[in-house]
Amino acid sequence: MKTFCGRANPSTGALDSVEESEEYDYHQEIARSCYADMLHDHDRNKKYYQGIRAAVARVKARGERVIVLDIGTGTGLLSMMAVTAGADFCYAVEVFKPTAEAAQCIVEKNGFSEKIKIINRHSSDVTVGPDGDMQMKANVLITELFDTELIGEGALPSYEHAHQNLVQEACEAVPHRATVYAQLVESELLWSWVQMQPVEVEGARLVPPPAMGHCAGAHSVCDIQLSQVSPRSFTPLGPLCTMFSVDFSKPVSSAFQSHTSQFVARASGRAQVVLSWWDLDMDPSGSVVCTMAPSWTYPQPKTAPWRDHWMQSLYFLPTESRVTEGEELSLTVCHDDYSLWYGLQSPSQQDSQAEAPPTRPCCTCQSHLVWTRPRFGELNDGRRTESYVSALRSVMREDSVCLGVSDGSLLPVFAHMIGAKKVYGLENSRMSKQVIKQVLEANSMEGGVKLLEIQPEQLTIDDLGGEQISVLMGEPYFSTSLLPWHSLFFWYCRTALAVLLRPNATILPCSATLHMVAVEFQDLWRIRAPCGTCEGFNVSPMDEMVQRSLDFRESREAEPHPLWEYPCRALTRSTAAMTFDFTQCVPQQPISSQGSLPFIRNGRCHGVALWMEYHLTADITVTAGLIGPISEQGECEWSRHRKQGVYFLRSPCESSDDGRAAVSYSFTFEPGLGDIKMDFSVEQLTLE
């Protein structure tokens, strides 16, 4: 069956009615899952196996039958480990039906059907008794319910229910314990992701509104591959603190709790950010530990395991505060059933506040609801700002009437500061309009920019005071964009505004180019690679299920990734594959581009990286991709502000530097859809 779904088109801005298969959401869920990443995490798998063997042995040593409850079984891998270790029976619970069906197939394929029962329910709905899902309560509890924040997937409520209803009082748990660690740091880089910094424009200083500086920010963890943040980017102000532990073999509470760690400041500076990660002790003795610590904590960083399903977390303090070396400090973490937050106090503050735990962060200035953390970083990038200011300065005249088309953009403010006669800004929401209004008020520029909460096609000459636009400007940035080319929405806005432009109007940026380079990923390839055999068990039915869902659509599309977090090597030169001329309206007919890029380095090509570059003027360009030349060895440095597109090849291929093979590409921009259809293949070249 087919069904029509209303969907906002991020490139055209239109609300499209898209005909989708009723299985679309089902396939999306599977295609975007992390099963491959988890199955390729040998460190995780090996340590779970060690912990399971030890737990089964401890129960057997007591002379008991080993009955296992595996919550969130996924592929059934951990249950099969338990049976192989000597468990008498396993109840494997999996709430997502397609995964439960795949697990059933895997269990049968590996010959464990008689000892493993797959239960397709949420664990809180599982019943125990003669007619229940489980005949008896378990004495070994195995779970994999964790996310980067440890508890964000509902681990605590699930454990709480399991201990009350599904397991025996003296059960063994794998993992046995989780411990959360945190470190207080000062970091100009990380703080720029959450607070607007002052900006110098034409000798004047643009300052953030006071409300932003006093705002605690959004209550959401910033999960990140912290291994890719250089220790040179932050200054530790204290030691790595053990914040709290959860013993999973005993009853667990999901109620609010707070924990405090006291320490002496090791350096003076501004307390801004808390770095955090956690460990899993797979056994009571703590001899088998699976740690999420970033690679730079290892004596040999290259030995650190890589994983994307569990990363590290950043927590931004409500306000920055000065600390002095030798000062006694208290770092407090609070958690409810799904999330964590931090607060910092000195002893004097603790006395005055009767040791009240820090309140949950809540954005009161609206900017943290309008601007994402990468967007804050983009707005705080001084070099990028200078590019836009220089471009505006080069096109601005005393009689310029400027219109800005971007979401929550400072470009209209810059245009006013440079001296435009009139400046207007189109905003997509009342909230983003209010944020820019706060910036104007904080800098005594009320009335300098007229903000309009209106769609481009609704704008009239009357809204512009009877004058036509001489400078149409955009970054372009739109909150609805997921893939790099979604920012082509600017082109559609320019087209809708064509009747309001002066004949000689300046369009800034004047054009954009789509760039590509074939790459070898250091680790990101794992999220798409089939596993086949995992720790000796055949998990190919899961590979096949994921591939079917990828073939449904995902394998023919690019997906967004912040490549600065995922190192890769360029195996070809980078090239501009398509150009979009914003000085002209969106064409009626498709635009196509074909070509090939010969391999120039040895490696294993996993796919193609894609990004946009915006040509503000003939000689000023800003990039949303590579921010420097590719090194001799092929190392790439990527912008932290935007996600790039990644098109994974169905099968990786070996490349060489002899020019005998190339990546062939074909792009077609469909104006009616606002989308870019693409195809890539690796072919052998005939050398004459």
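Trainee: Among contacts in the protein chain between residues at least 6 apart in sequence, what percentage joins residues at least 24 apart?

Mentor: The model is predicted, so local features need pLDDT of at least 70 and side-chain atom pairs count only at pLDDT 80 or more, while totals for chains, interfaces and linings use all residues. Residues are numbered from 1 along each chain as its sequence is written, and side-chain values use heavy atoms, with hydrogens and water left out. Contact means heavy atoms within 4.5 Å. For contacts between residues at least 6 apart in sequence, the share that joins residues at least 24 apart is 77%.

Trainee: What is the radius of gyration of the protein chain, and which value would a compact globule have?

Mentor: The radius is taken over C-alpha atoms, and the globule rule is 2.2 Å times the number of residues to the power 0.38. With 688 residues, a compact globule would therefore be near 26 Å, and the protein chain agrees with this at 28 Å.

Trainee: How many helices and strands are there in the protein chain?

Mentor: Helices (H or I, at least four residues) and strands (E, at least two) are DSSP runs, numbered from the N terminus. On that basis the protein chain has 16 helices and 36 strands.

Trainee: Is serine 313 buried or exposed?

Mentor: Serine 313 lies in strand E17 (residues 312-323). Leaving aside neighbours within four places in sequence, its contacts include Thr148, Val221 and Leu275. Buried means under 20% relative accessible area, exposed over 50%, and partly exposed in between (1.4 Å probe, protein chains only). Because its relative accessible area is 2%, serine 313 is buried.

Trainee: Why is helix H4 described as largely enclosed by the rest of the structure?

Mentor: The buried residues of H4 include Leu77, Met80 and Val83. Helix H4 (residues 77-84) is largely enclosed because seven of its eight residues are buried.

Trainee: What separates the C-alpha atoms of leucine 410 and valine 439?

Mentor: Leucine 410 is in the loop between strand E20 (401-405) and helix H13 (411-418), and is buried with a relative accessible area of 3%. Leaving aside neighbours within four places in sequence, leucine 410 contacts Val439, and Glu475 is also among its contacts. Although leucine 410 and valine 439 are 29 residues apart along the chain, the separation of their C-alpha atoms is 8.7 Å.

Trainee: What is omega for the peptide bond from glutamate 475 to proline 476?

Mentor: Proline 476 is in the loop between strand E23 (469-473) and helix H15 (489-496). The peptide bond from glutamate 475 to proline 476 is cis, with omega near -15 degrees.

Trainee: Is glutamate 202 buried, exposed or partly exposed?

Mentor: Glutamate 202 is in the loop between strand E9 (199-201) and strand E10 (204-206). Its phi is positive, about 55 degrees, although glutamate 202 is not a glycine. At 41% relative accessibility, glutamate 202 counts as partly exposed.
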